[in-house]
Amino acid sequence: MVRKGFQTKLTSKNPLYFFTSQWVHSSNSFHTNFLLPKHRPFARSSFTRKVVFPTNATVPRNGSLGGNSVKLSSQSSIPVVATATKFTKPIVGYWLLGTAGLVFGIVVLGGLTRLTESGLSIVEWKPITGIIPPLTNVHWEEEFEKYKQFPEYKLLNYNMTLPEFKYIYFMEWAHRIWGRAIGLAFIIPATYFGFRGYMSKATLNKVVGLAGLLGFQGVLGWYMVKSGLSEETMTTPNAVPRVSHYRLAAHLGSAFLLYAGMLLTGLQVLRDAKIANGNFPKAVARALANPAVNTFRRSAIGTTALVFLTSMSGALVAGLDAGLIYNEFPYMGQRIIPPKSELFSKTYANSLWRNFFDNPTTVQFDHRVLAVTTLSVITALWLYSKKVPLPSQAKLAVNYLLGVTGLQITLGISTLIYMVPIPLASAHQAGSLTLLSTALWLVHAMKKMPIKI
Ligand code: HEM
């Protein structure tokens, strides 16, 4: 089979660059086995393909990672041009999916920590010694004494007993321990995979970026807790001892981004390995190359961004305890849209626009509007999916997306109507990450092929 117009440059950015392949010059075409199982030498394979490269195709010379490539023209006569062996091993993909699962878990645990009002129980950040909780009664008393110095105890929990304190302490301690465990489960294998050369340069860069985001997440967590320990609460009239809703939203947003990065990178690694081994279905590759799906692909990315935005507005609702007012739907009081005087009130914000972030009524109203918009956009995307020739995985993903959105809206309304009971609120939070995962699955399923198969 001769294929003309092979539309790709084989540079170090192209995943195929890393796949085991042998390029042999023969007149103006090359035989390659890169779409076949990589351990099957092309010379012995009856499935060997003949691919004609455009004259400016750039092919790595010796499989090394950086810029060590040579431009081939149809007149080139390099006998064996490349045996590229540097590609990301599938185990790295499975590991990244596993770490994404751990991040999902800590988001749910973090939500429970907030909902049980446990987040401010440990008033120090000791990365090493903090691993061990108080073990004796004396130590417990000491920790309790420290907690008593801060506004949450003085203003809200002045009746708290030691057993009650132990409960909220353990919730926060478990959250921090889980965070440390994720750090280790990420850094140790990442270092091993890096040194053993299990990752391509592109994957390595992403893993380094994710490690940075993971560290940042820890710092942000403590920055958030510190805002809830501020002595200012004692002197500000009507102030409630709780963490800044901005910092809470930032902490949740960065966890969502970390999760998304791990999930997408893991899926990408596994897909590249499938392509390299020749196991990627050709029908799917052909469907993805069809220009008719380009608008759908862009719409799926936009929809994912909207899910993220709606989730961040939900974090502001949670951070301001704005789910404890207007416990009805679709009405807010007598009307669907609350009066202007309430939406733009000087009680909560000096400037008009700050009401969108600081006024509980406006923040809840925004979340409703964004949630309904998300539902409408996803319904439209689902209807659109019926009109374009999508690959089967994408069809499945968009069907799930609509189902999960329906569930998430139902959970949101139930959380509101029942005044934020812990199980419902926690399920609503987990639902938001499930929705994001489904949207990311769709984005991944629509990802363009690095080459034409
Ligand atoms: C696409 C739909 C939705 C998404 C992605 C979404 C996402 C979120 C997220 C991420 C949170 C923060 C959870 C936390 O940090 O604990 C949240 C909170 C909340 N959402 Fe939604 N939500 C959606 C729809 C709705 C709807 C339709 C309602 C009700 C009208 C609603 C009501 C609430 C309430 C009351 C909270 C605060 C719960 C708490 O204090 O723990 N949500 N939402």
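A residue counts as near a molecule or strand when its C-beta atom, placed from the backbone, lies within 6 Å of it. With that in hand, let us start at the ligand: of the 30 residues around it, Gly 314, Gly 323, Ala 371, Gly 412 and Ser 432 come nearest. Two or more residues of this shell come from each of helix H1 (90–115), helix H9 (294–319), helix H12 (360–385), helix H13 (392–417) and helix H14 (422–445). Helices here are DSSP runs of H or I with at least four residues, strands are runs of E with at least two, and both are numbered from the N terminus.

Before going on, a word on what you are looking at. This is a predicted model, in which local features need pLDDT of at least 70 and side-chain atom pairs count only at pLDDT 80 or more, while totals for chains, interfaces and linings use all residues. Residues are numbered from 1 along each chain as its sequence is written.

pLDDT is the predictor's confidence in each residue, from 0 to 100. Its mean over the protein chain is 84, and 80% of the residues reach 70 or more. Residues 1–85 have pLDDT below 50, and beyond near neighbours in sequence this stretch has 141 contacts in the model. Two residues are in contact if their C-beta atoms, placed from the backbone, lie within 7 Å. Where pLDDT is low, the predicted coordinates should not be read in detail.

Back at the ligand, both domain 2 (88–245) and domain 3 (281–453) give residues to the shell, so the ligand lies between them. The domain bounds come from an automatic or database domain assignment.

Leaving out residues up to four places away in sequence, Met 262 touches Leu 96, Thr 99, Ala 100, Val 103 and Leu 210.

Finally, take a look at Thr 362, found in helix H12. Thr 362 counts as buried because it has 24 C-beta neighbours inside 10 Å, where 20 or more make a residue buried, 12 or fewer exposed, and numbers in between partly exposed, with C-beta atoms placed from the backbone. Setting aside neighbours within four places in sequence, Thr 362 is in contact with Leu 343, Asn 355 and Phe 356.
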